[in-house]
Amino acid sequence: MKNSTTAAYPTSGIPLLNGTSNPTDYYYYDISDEEHAISSINYLVLVMYCLTLLLGTIGNGLVIWIAIFRMKKTVNVIWFLNLSIVDLIFILFLPLRIIYMANDFNWLFGNFMCKFISMVAFINLYVSVFLLTAISMDRCASVIFPVWCRNHQTPRLALTFVTAIWIMAILLSLPHFIFRDTIKQNDHFVCYNNFELDESSEDGIYRQKMTVMIRLIVGFCIPFTIIVTCYSVIALRIRKKHIATSFKPFKVIIAVIIAFFICCSPYHIFSILEFHSYYHENYYLNNRIRFGIPIATSLPAFMNSCVNPFLYVFIGRDFRDKFCGSFQSILEKAFS
């Protein structure tokens, strides 16, 4: 190690992220440059969270208002309405994360809220991913079986699917409520993942490994495969039947796939790397991961809550017309 100033930091330095089973395990590293880099990254994450809070509240709030009061409850409207509802729920608790980071990662809101805010974040992740998968399957079915879909795809059936999605997401998010905990370090309260639960470290390793793998497989691999498959079938069908008169549908399809991949893949990749580096005592890799994990965690929040309303809703002509009319009405009332 270089002869320079060093400082001790808990592994997985952002406690509201993936966390570690034992936050009192420390390693030493050169902070001459890294401390400034980590501080800059944290400021960037704070800016992204603040933008998410502002833009996500406005975008999702308008979508919810338009969908409830100005549109007929069709299957598509039900998909998009629930997508915006789950994003808005996440945004409502975002100020707690912002305060936590701005207060030098000192959790002020108690053990229950530490558990609950983590569960809300993963409910948002699972519901968003499952809804986007359902939308892809619905669009694919509409292209392949248009007559059957017109006769059988009803808002009531969509509500049944949405209810099942919410229940499944809540069940999958329960481990993140159970294993979340707070601990006092010096004069700070840290919100972290306690996979050991005062039991053996082997049990903690197994629990964290299963949590990460289930999240990767159920929350990314399976949905991403379905989404790519569905939109590939749609693209081939459009091309074969010459349904589209322009390249725009293909642009939308490519945008959907790229947005989903950029949104979700970094978080899952860094979760696996973090687990591997910590339990295999790869401190160099752990140091490098500390740079990437804050961005990888804030990116899904930003993409889901800010980009989704525009990508999945406002590209629809009916929603776009209603939105423009509603926005004009709001401005007229404000100016009057």
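Which hand does the link of Cys114 and Cys191 have, right or left? With 90 degrees about the S-S bond, this link is right-handed.

## Overall content and confidence

The protein is built of ten helices and four strands. Along the sequence these elements follow the pattern β-β-α-α-α-α-α-α-β-β-α-α-α-α. Of the 336 residues in the protein, 47% are buried. The accessible surface of the protein comes to about 17100 Å², and carbon and sulfur atoms supply 67% of that area. Among contacts between residues at least 6 apart in sequence, 77% join residues at least 24 apart.

The mean pLDDT of the protein is 77, and 72% of the residues score at least 70. By element, the lowest mean pLDDT, 30, belongs to strand E1 (residues 6-10), whereas the highest, 95, belongs to helix H6 (residues 155-178). Over residues 1-32 pLDDT stays under 50, although the model has 95 contacts beyond four places in sequence for this segment. Where pLDDT is low, the predicted coordinates should not be read in detail.

## Cysteines

A search of the whole structure finds one disulfide. It joins Cys114 to Cys191, with an S to S distance of 2.0 Å. The pair links distant parts of the chain: Cys114 belongs to helix H4 (residues 110-144) and Cys191 to strand E4, 77 residues apart. Cys114 has 0% relative accessibility and counts as buried; Cys191 is likewise buried, with a relative accessible area of 0%.

Cys140 is in no disulfide, and its nearest cysteine sulfur is that of Cys230, 4.4 Å away. Cys230 is also in no disulfide, its nearest cysteine sulfur being that of Cys140 at 4.4 Å.

| Residue | Relative accessible area | Class |
|---|---|---|
| Cys114 | 0% | buried |
| Cys191 | 0% | buried |

Which residues of helix H3 (residues 94-102) are buried? They are Leu94, Leu96, Arg97, Ile98, Tyr100 and Met101. An α-helix has 3.6 residues a turn, so residues three or four places apart point the same way.

Just after H3, Asp104 takes a positive phi of about 60 degrees, although this residue is not a glycine. Asp104 is found in the loop between H3 and H4. Phe105 lies in the loop between H3 and H4 as well, and its phi is near 55 degrees, again a positive value in a residue other than glycine. Are Asp104 and Phe105 buried or exposed? Asp104, at 53% relative accessibility, counts as exposed, whereas Phe105 is buried, with a relative accessible area of 13%.

## A nonpolar surface patch

Ile167, Ile170, Leu171, Leu174, Ile178 and Leu197 form a nonpolar patch on the surface. Together these residues have about 490 Å² of accessible area. One of them, Leu197, is found in the loop between strand E4 (188-193) and helix H7 (201-241). Leu197 is partly exposed, with a relative accessible area of 30%.

Ile38 lies in helix H1 (residues 31-69) and is buried, with a relative accessible area of 10%. Which residues does Ile38 contact, leaving aside its neighbours within four places in sequence? They are Arg290 and Phe291. Ile38 and Gly292 are 254 residues apart in sequence, while their C-alpha atoms are 9.6 Å apart in space.

Key
Residues numbered from 1 in each chain as written. Predicted model: local features only at pLDDT ≥ 70, side-chain atom pairs only at ≥ 80, totals over all residues. Heavy atoms only, no water. Buried < 20%, exposed > 50% of the residue type's maximum accessible area, 1.4 Å probe, protein only. Helix = DSSP H or I, 4+ residues; strand = E, 2+ residues; numbered from the N terminus. Patch = residues over 30% accessible without salt bridge, like charges linked within 9 Å, V, L, I, M, F, W, Y side chains within 5 Å. Areas by Shrake-Rupley, 256 points an atom, 1.4 Å probe, with all protein chains shown as cover. Salt bridge = Lys/Arg side-chain N within 4 Å of Asp/Glu carboxyl O. Disulfide = S-S within 2.5 Å. Contact = heavy atoms within 4.5 Å. pLDDT = per-residue confidence, 0-100.
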